[in-house]
Amino acid sequence: MSTGNGVLVRVEDVHRTFWRGAEQIDVLSNLHLEVPRGEFLALMGPSGSGKTTLLNLIGGLDRPTSGSVEVAGERIDRMSNRRLAAWRARHVGFIFQFYNLLPVLTAERNVELPLLLTHLSKSERRRHVETALHVVGLTDRSGHFPRTLSGGEQQRTGIARAIVTDPTLLLCDEPTGDLDRKSGDEILGLLQALNREHGKTIIMVTHDPHASARATRTVYLDKGRLSAEKPE
Amino acid sequence: MSNWLAQIWALTVYNVRTIPQRKGAAVAAAVGIAGVVAVFVGVLSIAEGFRAAMAVTGPADIAMVLRSGADSEMTSGLGREQVRLIADAPGVARTAEGPLTSAELFVIINLVKRSTGTDVNVPLRGVTQGIAVRGDVKIVEGRAFEPGRNEVIAGRGAAREFAGLEVGSRMEVGQSEWTVVGIFAGGGGSAESEIWTDAAVLQPAFHRGDSYQSVYARLTTPEAFEQFKDSLTTNPQLQVKVLRQGEYLAEQSSMLIEFISGIGVFVATMMALGALFGALNTMYSAVAARAREIATLRALGFGSAAIILSVMLESVVLALLGGGVGAAAAYWAFNGFEAATMNWQTFSQVAFAFAVTPPLLAAAIVWAVGIGVFGGLFPAIRAARLPVAMALRE
Ligand SMILES: Nc1ncnc2c1ncn2[C@@H]1O[C@H](COP(=O)(O)OP(=O)(O)O)[C@@H](O)[C@H]1O
Ligand SMILES: [Mg+2]
């Protein structure tokens with residue numbers, strides 16, 4: 001394993017360029033990032049600075065134009081699409097700003113989805129779903145459809161779905177961006193508990209200083225570069 | 001593997017459950033497919049019914065003799081001497097009264113078609129032993145005609161389709177008047193669409209002298225056909241062509257059956273193209289509307305293959321619903337529907353019933369599934385190709 005003991009995510013010399021017609025957009029350039037196991041990292045920066053792009057690279061949803069992305073010792077930027085899909089299912093839990101629940105499925109069915117990619121039996125799946133819903137405090141809402149849940153409850157369902165497979169890494173893209181302060185605080189408390197009590201490594205994109213205060217470390221992304229200091 | 005199937009199953013169930021969210025487009029696509037299937041089944045049931053009416057699988061032990069070069073009874077002609085030679089040929093079954101052959105002639109008369117009120121051509125056949133030779137003719141009403149009298153019996157289909165063929169009614173044909181004394185069923189081929197009488201009465205009425213047009217012969221066994229045929233075709237006194245009755249009927253109806261089938265397939269193909277675009281449109285909008293959901297599933301780790309298959313299955317489910325409705329409607333509307341049409345090879349009317357057969361229904365369902373598969377394939381591929389990161393931004 002090339003990754004050091006404590007380092008879970010290693011992003012090295014990453015460039016990510018998009019093309020909009022003939023116009024070249026260098027969103028990330030020469031970017032380095034190491035995330036130790038067990039960290040709760042907040043990723044901040046102005047809108048359009050490339051936070052989502054970086055998160056997608058780490059989560060294997062996108063590939064760098066150049067450079068390497070290593071997670072738990074594996075070069076995910078070099079995997080085939082097929083292997084990458086299987087890798088995501090096993091190692092990553094995604095939490096989205098707009099929850100991205102499937103509207104025609106109940107909360108528990110939504111949570112069960114990632115388990116369909118495992119070899120668990122139906123009863124094992126049910127047990128895992130119950131545990132995940134219990135962790136997020138949504139046991140009594142398990143049979144509800146997303147539209148009958150509040151924003152905070154939908155996000156908790158989203159978190160249950162992200163943790164149900166017990167992934168190595170949780171990636172959250174503005175998880176409280178669509179919530180009021182109170183629900184947002186509950187979600188942040190939940191993430192903090194997952195980090196402290198369950199040892200989950202979390203990378204959270206946010207532009208809410210309130211949210212980043214819950215993290216163990218905060219990094220700032222601006223003009224394609226990362227820094228530990230908030231840029232002026 | 002079971003995991004993979006569970007994936008596809010879960011995705012398909014999920015997809016199908018989203019159908020009510022786009023009712024309009026889904027119903028339009030299903031109705032389009034239902035229309036294709038209904039037309040396909042409807043038109044081909046005509047061909048099927050016609051095929052059945054012509055009883056293309058005729059009995060193997062009845063042979064037919066025509067003048068060589070004739071391609072139907074209409075254009076054939078045989079004299080008394082030839083008829084005698086044919087009756088004496090080896091392989092012909094015999095009874096105490098002699099060989100089981102029927103020398104027949106055939107004239108076309110005008111009757112009024114009930115459904116349209118128009119004049120149509122109907123064959124009037126003179127037979128010598130027509131009922132005995134065919135063996136399967138049954139008088140279902142009245143009685144058989146008596147030899148030597150101006151009496152006729154009408155086929156069941158003819159009696160149904162054409163006016164003035166009730167038992168007891170009289171008709172003016174040639175220079176004389178004839179009485180309908182019975183209705184018959186059976187006889188093979190389009191016999192039920194014909195009217196029969198005694199050949200000896202028909203000949204003078206139509207100035208046919210001593211001539212006939214065909215001889216039907218009952219053979220001792222189906223295998224005796226070759227012997228019968230060889231002895232006639234090698235006899236220098238005869239210039240004849242010998243066929244099994246079934247072969248003849250198949251030949252007589254093949255053109256019409258192919259024509260009708262051709263129209264059915266053509267019309268259904270045109271409509272299928274329309275329905276295909278409807279299905280494509282529905283499925284493209286379905287995957288477009290769900291782009292973010294599909295991207296979410298892929299972010300969770302669902303594979304492209306599973307997503308493609310599930311979108312196609314959704315499309316097939318939609319097509320099967322439409323196809324099932326169309327097939328049921330066609331069955332309900334067309335099966336057993338009775339009609340008569342012109343057989344252009346004999347220029348006479350053939351009565352038949354539309355037949356919606358199980359193979360026809362199966363073929364229709366295959367069409368529906370085909371439309372579903374092609375309607376789902378390209379949208380499915382698009383759904384699976386769209387970069388996840390991009391689709392998640394929508
Ligand atoms: N697929 C893409 N094609 C073109 N431009 C893109 C694409 N994805 C992101 N971008 C651009 O990259 C920049 C960074 O986007 P993003 O990572 O979403 O920023 P953030 O999450 O920090 O707001 C933006 O200018 C965005 O328009
Ligand atoms: Mg973003």
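Helices are DSSP runs of H or I with at least four residues, and strands are runs of E with at least two, numbered from the N terminus. The structure shown in these views is a predicted model.

**Figure 1. Packing of helices α8 and α10 in chain B.** Two packed helices are described by the angle between their axes and the distance between the axes. Here α8(B) covers residues 245–289 and α10(B) covers residues 304–334. The angle is about 135°, and the axes lie 11 Å apart. Angles of 65 to 115 degrees count as roughly perpendicular and those over 145 as roughly antiparallel, so α8(B) and α10(B) are oblique to each other. Their crossing is right-handed.

**Figure 2. Residues in the contact between α8(B) and α10(B).** On the side of α8(B), the contact is made by B:T282, B:M283, B:A286 and B:V287. On the side of α10(B), the residues are B:V311, B:E314, B:S315 and B:L318. By class, five residues of this contact are nonpolar, two are polar and one is charged.

**Figure 3. The second largest cavity, lined by residues of chains A and B.** The model holds three cavities of 30 Å³ or more. From chain A, the lining takes A:R88, A:A89, A:V92, A:G93, A:F94, A:P114, A:R161, A:A162, A:T165 and A:P167. B:L300 also belongs to the lining of this cavity. Which elements of chain A supply at least two lining residues each? They are helix α2 (81–91), strand β6 (92–95) and helix α5 (151–163). Strand β6(A) gives the most to this lining, with three residues. Sorted by class, the lining of the second largest cavity consists of seven nonpolar, two polar and two charged residues.

**Figure 4. The second largest pocket, with chains A and B both in the lining.** This pocket has a volume of about 360 Å³. Its lining is made of 13 residues. Those nearest the centre of the pocket are A:R109, A:E112 and A:L116, together with B:W9 and B:A10. In chain A, α3 (107–112) and α4 (122–135) each supply at least two lining residues, as does α1 (2–18) in chain B. Which helix has the largest share of the lining of the second largest pocket? That helix is α1(B), with six residues. The lining of the pocket has eight nonpolar and five charged residues, but no polar ones.

Key: Residues are numbered from 1 along each chain as its sequence is written. Chains are lettered from A and ligands numbered from 1 in the order in which they are written. This is a predicted model: local features need pLDDT of at least 70, side-chain atom pairs count only at pLDDT 80 or more; totals for chains, interfaces and linings use all residues. Side-chain values use heavy atoms; hydrogens and water are left out. Axes are lines fitted to C-alpha atoms, for helices over the stretch in contact, and angles run from 0 to 180 degrees between N-to-C directions. Angles under 35 degrees count as roughly parallel, over 145 as roughly antiparallel, 65 to 115 as roughly perpendicular and the rest as oblique. A crossing is left-handed if the near helix is turned anticlockwise from the far one by less than a right angle, and right-handed if clockwise. Contact means heavy atoms within 4.5 Å. Ala, Val, Leu, Ile, Met, Phe, Trp, Tyr, Cys and Pro count as nonpolar, Asp, Glu, Lys and Arg as charged, and the others, Gly among them, as polar. On a 1 Å grid over the protein atoms alone, a cavity is a set of points where a 1.4 Å probe fits but cannot get out, and a pocket is an open set with protein on both sides within 12 Å along at least five of seven lines; lining residues have an atom within 4 Å of a point. Grid points are joined across faces, edges and corners, and a volume is the space filled by probe spheres set on the points.
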